[in-house]
Amino acid sequence: MATAAAPKTPDRADGAKRDVVAGGIVVAAIILFVGTGSSVMQSVVRALSGLGGGTDQVLAATLILNIALILFGWRRYNDLHREIRERTEAEQRARYLADTDPLTDFLNRRAMLERGQALVAEAVAAHRHVALFLLDLDHFKTVNDIHGHAAGDRLLKVAAERIAGVLPPSALMARLGGDEFVAMLMFEPTGTPHVEALAAQLVTALEEPVMHDTQQICIGASIGLALATTTDVTMDTLVRQADIAMYHCKDEGRNRFCWFEAGMEMAVQVRNQIETGIRSGMPRDEFVPFFEPQVDIATGRLVGFEMLMRWDSPEHGMIEPDRFIPVAEDSGLIGELSLRVVRHAMEIAKGWDPSITLAVNISPQQLKDPWFSQKLTKLLVETGFPASQLEVEITESSLFENLPLVRSIVTSLKNQGVSLSLDDFGTGYSSLSHLRALPFDRIKIDRSFITAMQGSPDAQAIVVAIVRLGESLAMPITAEGVEDEATAIELTRLGCAKAQGWHYGKPASAAATARMLAERGLLRAPMMPEAGAAEDERRKAG
């Protein structure tokens with residue numbers, strides 16, 4: 001079975017042959033009619049030649065009228081035949097358009113569901129299996145946001161061409177909508193390796209960059225595979241299973257394929273529960289800030305805290321961020337969730353000594369928001385938290401999706417007096433040009449290198465190289481993940497400025513953090529009511 005094909009236009013040569021046959025029949029009818037009225041024709045001929053008398057005028061008129069009727073009928077037949085042919089072509093064209101995605105010429109969702117179910121029935125009757133491929137282009141929305149919808153359409157067309165180039169002509173291929181494609185292929189029960197080889201070829205083909213307006217756009221695809229072996233499996237079920245497998249691929253790192261397994265469905269249900277919990281928990285302030293100490297390595301003096309998010313769930317207790325942050329990012333909730341918790345942290349940190357900084361992590365998803373710097377500045381104004389005490393941490397990998405937008409955001413924050421830190425350095429692909437182009441104040445070495453320092457010369461060499469890089473760029477270095485005294489001593493020897501980790505203190509609640517600061521005399525003096533009123537008036541005037 002093939003993809004959506006062009007409408008089958010009736011063969012014009014066959015139509016011309018039919019017209020000749022019909023014309024011959026009409027001519028034969030005229031000749032026969034004339035033959036039967038030969039006596040009238042002979043009289044007409046003799047009258048016209050002057051060799052005889054006139055003919056019966058009624059018979060002559062009747063003959064001429066019948067000939068005219070035959071000629072009219074012949075012409076009408078041709079008109080009707082042409083009208084029928086044009087109507088048939090129009091109906092076939094309309095059917096083609098109703099079944100086809102206009103951008104890619106693949107089947108659309110409705111046609112795929114109909115033909116896919118028929119393909120499953122055909123395969124089962126032939127004792128064969130059907131594999132359903134669901135392909136989702138990775139980071140397609142980012143391409144639309146950065147390069148525009150014309151580039152997005154170009155990517156979809158190229159993706160369709162590459163899919164059709166890899167799969168055999170017998171495969172059904174469709175675009176479900178957006179950047180999702182579906183393909184179905186009938187195969188022998190022993191042909192699973194061949195199906196997997198095709199999936200791998202699709203992943204490779206869709207990795208290749210696409211040129212658009214002199215720009216090279218890199219895409220990839222995550223592919224979920226589902227299997228149909230009986231007619232009990234519906235198309236809705238197959239698509240849902242492949243969709244679950246596809247999202248599992250994204251969770252595993254994208255740009256790969258995997259088959260649907262029963263356990264994946266349970267994972268999706270858990271994910272949906274987490275997303276529902278996030279949506280309902282935000283207005284109830286279930287997400288709270290915890291604070292991890294940051295110290296000056298040389299002196300051991302407390303210099304700040306990194307804010308880490310926790311979910312204080314009424315049903316499940318305190319939940320670590322690695323369980324809900326990925327869901328919040330995938331569902332688009334991370335922006336609202338982060339700003340809510342940052343606001344809470346700022347309100348708390350207003351009571352700290354001015355020498356204590358607050359560091360907050362920014363999700364790569366938030367750096368796609370052109371208004372992010374304005375939103376963060378608005379929080380500073382509304383909470384009254386000094387911008388000079390705020391440090392924004394940006395992960396290294398987020399620099400590459402839209403560097404001009406990131407530059408605009410970080411420059412705006414820098415102009416407000418906010419410090420900027422490049423987080424998880426060493427795990428991404430930052431170049432020196434990026435470090436020089438963006439106004440970072442600090443580099444944070446990823447914890448994976450710090451924790452491996454004692455047993456891995458390679459990890460230690462990387463840490464040394466990053467420290468020296470920071471020195472050459474006049475950017476102080478913060479090491480995260482310091483768990484023991486030996487690591488702290490080594491980092492001190494290397495010249496790291498700041499460090500954090502369990503060696504200096506675990507992340508703690510706002511109340512526990514306030515007690516620690518109070519013990520060290522690092523809390524602001526309580527503001528008197530009169531002073532508070534004056535401060536409110538000052539903010540309004542400002």
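In helix H6, the buried residues are Ala151, Gly152, Leu155, Leu156, Val158, Ala159, Ala160, Arg162, Ile163 and Val166, where buried means under 20% relative accessible area, exposed over 50%, and partly exposed in between, with a 1.4 Å probe and protein chains only. Before I go on, please keep in mind that this is a predicted model, in which local features need pLDDT of at least 70 and side-chain atom pairs count only at pLDDT 80 or more, while totals for chains, interfaces and linings use all residues. Residues are numbered from 1 along each chain as its sequence is written, and side-chain values use heavy atoms, with hydrogens and water left out.

Helices here are DSSP runs of H or I with at least four residues, numbered from the N terminus.

Let me turn to Thr104, which lies in the loop between helix H3 (57–99) and helix H4 (109–125). Is Thr104 buried or exposed? Thr104 is buried, because its relative accessible area is 11%. Leaving aside neighbours within four places in sequence, Thr104 is in contact (heavy atoms within 4.5 Å) with Leu156, Ala160, Arg175 and Phe181.

Finally, the cores: a nonpolar core is a set of buried Ala, Val, Leu, Ile, Met, Phe, Trp, Tyr and Cys residues joined through side-chain atoms within 4.5 Å. In the largest one, of 75 residues, Ile278, Phe324, Leu358, Leu390 and Val392 touch the most other members. A second, separate core of 36 residues includes Leu156, Ala160, Ile163 and Ala221.

Notes. Helices (H or I, at least four residues) and strands (E, at least two) are DSSP runs, numbered from the N terminus.
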